[in-house]
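Me: Got a model to go through. Can we keep it quick?
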Amino acid sequence: MRFDAIVVGAGFSGMYMLHRLRGLGLSVRVFEAGDGVGGTWYWNRYPGARCDVESMEYSFSFDRELEQEWEWSERYASQPEILRYAEHVADRFDLRRDITFGTRVTGAAYDEADHLWRVETDGGERVAARWLITAVGCLSAARVPDFPGASTFGGASLHTGRWPHEGVDFSGLRVAVIGTGSSGIQSIPVIADQAEHVTVFQRTPNFSVPAHNRPLTPEYQNQVKADYPDLRRQMRESMTGLLGAAGTVPALEVTQEERTREFEARWARGGIPFLGAFTDIAVDPRANELAAEFVRGKIREIVSDARTAELLMPRDHPIGSKRICVDTGYFATYNRPDVTLVDVRSDPIEEITPTGVRTAAAHHEVDVIVYATGFDAMTGPLLRLGITGRGGLSLKRKWEAGPRTYLGLMSAGFPNLFTITGPGSPSVLSNMIVSIEQHVDWIADCVAWLHERGVTAIDADPQAEKNWTAHVDEVSRFTLYPQANSWYMGANIPGKPRVFMPYVGGVGAYRLKCDQVAADGYEGFLLSS
Ligand SMILES: Cc1cc2nc3c(=O)[nH]c(=O)nc-3n(C[C@H](O)[C@H](O)[C@H](O)COP(=O)(O)OP(=O)(O)OC[C@H]3O[C@@H](n4cnc5c(N)ncnc54)[C@H](O)[C@@H]3O)c2cc1C
């Protein structure tokens with residue numbers, strides 16, 4: 001079968017890409033491994049899963065009616081509500097008829113003679129298209145550490161990113177949760193409410209700020225909807241795609257009282273904008289330490305047991321250098337008598353046994369193990385696609401030492417292959433819906449431009465790619481980000497190259513750069529007819 005375009009993935013990226021390409025009159029086929037739309041929000045059904053960006057900001061802006069008709073019930077939407085939103089979008093724009101669900105793309109090879117991508121699926125389908133667009137997400141390749149004995153465990157083993165659709169009833173059960181990143185921090189308080197006992201295995205404590213989640217009033221929603229054109233513009237021009245994040249003065253230039261007042265105000269407001277309190281938190285270690293110490297002070301206040309509090313205080317990375325978590329009652333959960341914290345730095349997990357988790361110091365009997373161990377981020381889903389470009393070069397081989405892209409949109413040697421929120425773009429450092437819409441619009445406009453001019457192939461110029469990759473690296477070094485062993489750096493995956501993958505230059509500046517490149521006739525790209 002032959003299409004104009006093939007899109008891989010039917011999360012928010014793939015859905016909007018399909019909509020835009022259809023609007024150009026192209027024939028499109030989308031392949032999605034899951035049985036429904038929604039991507040992240042289809043797979044991550046763990047208890048407590050919710051957005052850490054405010055609902056009114058974490059939504060599509062491309063259609064005025066969609067934006068006005070949808071009603072969010074809470075300040076931070078829960079996973080079921082976001083999934084309902086994705087399904088609503090699919091219905092509203094009649095997307096499902098071009099999506100093949102339950103089908104994984106397993107190979108994609110560029111046919112240089114015909115300028116076509118030849119794509120294979122796990123269902124044995126072979127299809128071809130001029131344009132191949134990956135919408136596979138930055139956080140869709142779940143990572144389960146291979147502890148010795150894991151397969152011998154007699155109870156249920158669950159990954160937060162592959163949660164059973166029917167849900168899990170933890171009543172009366174002893175539960176191990178391994179991992180205290182965002183998914184662990186969201187799920188632990190909810191699991192603790194149900195389970196008989198929860199044992200949390202923590203390697204790295206993480207910074208977390210309260211969500212202060214609450215229902216949204218109709219008045220508030222109406223106000224935001226009335227202001228949407230201006231608010232959306234502010235988001236697009238901002239650093240992170242979020243509203244209300246940016247402070248205007250450095251922490252080191254105000255008095256201690258002023259600092260404390262600002263931190264307290266942001267803590268009371270809740271959410272990611274805590275990090276925007278001052279302009280130097282992401283770049284100056286002394287300013288960063290002031291913000292970090294403020295959060296440690298909060299942990300000290302909340303957690304009654306001094307030793308547990310100390311274990312929960314992050315000291316090995318600057319605040320914000322890993323995606324900051326947004327929680328509901330996380331630290332207070334450790335005051336419960338039925339929750340135990342095990343520090344696996346000092347007491348490592350040695351094996352999983354048929355009845356539990358054995359650390360160096362003890363055996364913890366449990367009925368269920370929840371792996372909240374995250375993802376092979378950003379490059380993981382792309383490298384699993386089995387992509388080969390010009391001259392049989394595989395993407396895996398090309399990215400052996402880390403991803404190399406031009407603008408995070410294309411990689412030289414892989415013509416007509418676009419990547420939505422790829423490495424080298426702001427992606428995971430932003431409100432991702434803002435970044436997704438920007439990439440999809442840019443790609444659709446580019447394809448339309450190429451069609452109008454009869455261009456059959458577009459590829460990144462290797463020199464432009466080299467310069468951009470060096471720029472991405474250079475800008476990251478102005479910040480404290482590379483100092484953390486984070487998934488931004490590939491540090492959670494054994495053997496993965498340590499390269500800072502997203503672009504920290506900011507959503508607004510990045511958009512301007514992409515627009516300029518397009519206005520200059522796709523400068524830095526090689527076009528052939
Ligand atoms: C638990 C969690 C919470 C998050 N919270 C936020 C948040 O609060 N704010 C925010 O901005 N971002 C958040 N994110 C990031 C989130 O991934 C993005 O916001 C957004 O949903 C990404 O959409 P996407 O379509 O690009 O990718 P995804 O939603 O990941 O969708 C990609 C799809 O591609 C499919 N796919 C992958 N490989 C293949 C293949 N080979 N063949 C076929 N299909 C394939 C996958 O099955 C998946 O459905 C969160 C991520 C996670 C995991």
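Me: Which residues gather in a patch of positive charge on the surface?
Reply: Arg 104, Arg 162, Arg 384 and Lys 396. This is a predicted model: local features need pLDDT of at least 70, side-chain atom pairs need 80 or more, and totals for chains, interfaces and linings use all residues. Numbering runs from 1 along each chain as its sequence is written, and side-chain values use heavy atoms, without hydrogens or water.
Me: Where is Arg 384?
Reply: In the loop between helix H10 (379-383) and strand E17 (387-388). Those are DSSP runs (helices H or I, at least four residues; strands E, at least two).
Me: Now the ligand. How many residues surround the ligand?
Reply: 34, each with a heavy atom within 4 Å. Ser 13 and Glu 32 are among the closest.
Me: Which helix gives the most to the shell?
Reply: H2, with three residues.
Me: What is 3.0 Å from the side chain of Trp 43?
Reply: A ligand oxygen, to an N or O atom there. The protein covers 95% of the ligand's own 980 Å² of accessible area.

Methods
Patch = residues over 30% accessible without salt bridge, like charges linked within 9 Å, V, L, I, M, F, W, Y side chains within 5 Å. Areas by Shrake-Rupley, 256 points an atom, 1.4 Å probe, with all protein chains shown as cover. Salt bridge = Lys/Arg side-chain N within 4 Å of Asp/Glu carboxyl O. Lys, Arg positive; Asp, Glu negative; His and termini not counted. Charge placed at Lys NZ, Arg CZ, Asp CG, Glu CD. Polar contact = N/O pair within 3.5 Å; in protein donor to acceptor, adjacent residues only side chain to side chain.
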